[in-house]
Amino acid sequence: MVDRLANSEANSKRIGLVESCFGAAGQPLAIPGRVLIGEGVLTKLCRKKPKARQFFLFNDILVYGNIVIQKKKYNKQHIIPLEGVTIDTVPDEGELRNGWLIKTPTKSFAVYAATATEKSEWMNHIGKCVRELLQKSGKSPTGEHAAVWVPDSEATVCMRCKKMKFTPVSRRHHCRKCGYVVCGPCSEKKFLLPSQSSKPVRVCEHCYGMLSGSLGPRSESMSRPGANFNNNTLSDDDDDDDSSD
């Protein structure tokens, strides 16, 4: 089915429309063999609060952006190669329902659909595209993924020292390795995580010790709130993730 659509005029027009909605600031999306599988609005769990984002699933990439004018204009385009994607369901919790994790080596995050049926369709289509890509390339599924950041609202105090309370002066920071919300003194170190950035990024004292080998391997001793945010699953190198996404 995908192969038949690849060179169809209808598929070319649909991809052209997506390109025009992102405008000159977006990357070209039309390449030989690429097919637009589906699109829709999903709620992305951002650093400060959940936000609506427009998603486009192609047979080889997942594209999303901010909604400026629905079906007419989007900005801040993100392109995720599907070869490096794995997905995991997220348990319903409060108002956040019908969610799943999109995990990649560079960025991982949770999204939520409007209905259980929509969630199932998205997960099935993404999973099928990933499987077909890996089968064609002969590659193995990606084993390492970036951490999902714990939302700011989940932590009123540093998740490491458990002492520093967050205020307009004492800012929240995120460890790029574990995704915890931590205070400045607990995250003064940086470490090179090549899958996330070409430059050293902020990590907490605990993860720095693990990464540098000063602590050696040991199990995580602290409990982490929220079933959605375990350690196998981000984000932009800028602390103020909410300003851009």
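In helix 4 (residues 205-212), H206, C207 and G209 are buried, where buried means under 20% relative accessible area, exposed over 50%, and partly exposed in between (1.4 Å probe, protein chains only). Seen down the axis of helix 4, these buried residues fall within an arc of 160°, so they line one face of the helix; the arc is that of the directions from the helix axis to the C-beta atoms. This is a predicted model, in which local features need pLDDT of at least 70 and side-chain atom pairs count only at pLDDT 80 or more, whereas totals for chains, interfaces and linings use all residues. Residues are numbered from 1 along each chain as its sequence is written, and side-chain values use heavy atoms, with hydrogens and water left out.

- Helices (H or I, at least four residues) and strands (E, at least two) are DSSP runs, numbered from the N terminus.

**Helix 3**

- The 22 residues of helix 3 should span 32 Å at 1.5 Å a residue, and the end C-alpha atoms are 32 Å apart, which agrees; the expected span is 1.5 Å times one less than the number of residues.
- The buried residues of helix 3 are K119, W122, M123, I126, G127, C129, V130, L133 and L134.
- They cover an arc of only 160° around the axis, which puts them on the same side of helix 3.
- T117, N124, R131, Q135 and K136 are exposed on the other side of helix 3.
- Among the elements that cover the buried residues of helix 3 are strand 1, strand 2, strand 3, strand 5 (86-90) and strand 6 (99-103).

- Strand 1 (residues 36-45) and strand 2 run antiparallel and are joined by nine bridges; two strands pair if DSSP finds at least two bridges between them.
- These two strands, strand 1 and strand 2, form a hairpin with four residues between them.
- Strand 2 is also joined to strand 3 (residues 61-69) by five bridges, again in an antiparallel arrangement.
- The hairpin from strand 2 to strand 3 passes through two residues.
- Q54 of strand 2 is the bridge partner of V41, and the bridge partner of Q54 in strand 3 is G65.
- Seven of the nine residues of strand 2 (residues 50-58) are buried, so this strand is largely enclosed by the rest of the structure.

**Nonpolar cores**

- In soluble globular proteins, nonpolar side chains tend to be buried together.
- A nonpolar core is a set of buried Ala, Val, Leu, Ile, Met, Phe, Trp, Tyr and Cys residues joined through side-chain atoms within 4.5 Å.
- The largest nonpolar core has 20 residues, of which F55, L62, L82, W100, I102, W122 and I126 touch the most other members.
- At least two residues of this core come from each of strand 2, strand 3, strand 6, strand 7 (108-112) and helix 3.
- Helix 3 supplies the largest share of this core, seven residues.
- L62 touches F55, F56, L57, H78, I79, I80, L82, I102 and W122, not counting residues up to four places away in sequence.
- A second, separate core of 17 residues includes C158, C178, Y180 and V203.

**Individual residues in loops and strands**

- S8 lies in the loop between helix 1 (2-6) and helix 2 (9-22) and counts as buried at 18% relative accessibility.
- A polar atom of the S8 side chain lies 3.2 Å from the backbone nitrogen of N11.
- K71, in the loop between strand 3 and strand 4 (73-81), has a phi near 65°, a positive value in a residue other than glycine.
- K71 is exposed, with a relative accessible area of 60%.
- K76 has its place in strand 4, and its phi is near 50°, a positive value in a residue other than glycine.
- K76 counts as partly exposed at 41% relative accessibility.
- S140 belongs to the loop between helix 3 (116-137) and strand 8 (173-174) and is exposed, with a relative accessible area of 61%.
- The C-alpha atoms of S140 and G84 are separated by 9.5 Å, although the two residues are 56 residues apart along the chain.

Note on methods
Contact means heavy atoms within 4.5 Å. A polar contact is a pair of N or O atoms within 3.5 Å; within protein, one must be able to donate a hydrogen and the other to accept it, and residues adjacent in sequence count only if both atoms are side-chain atoms.
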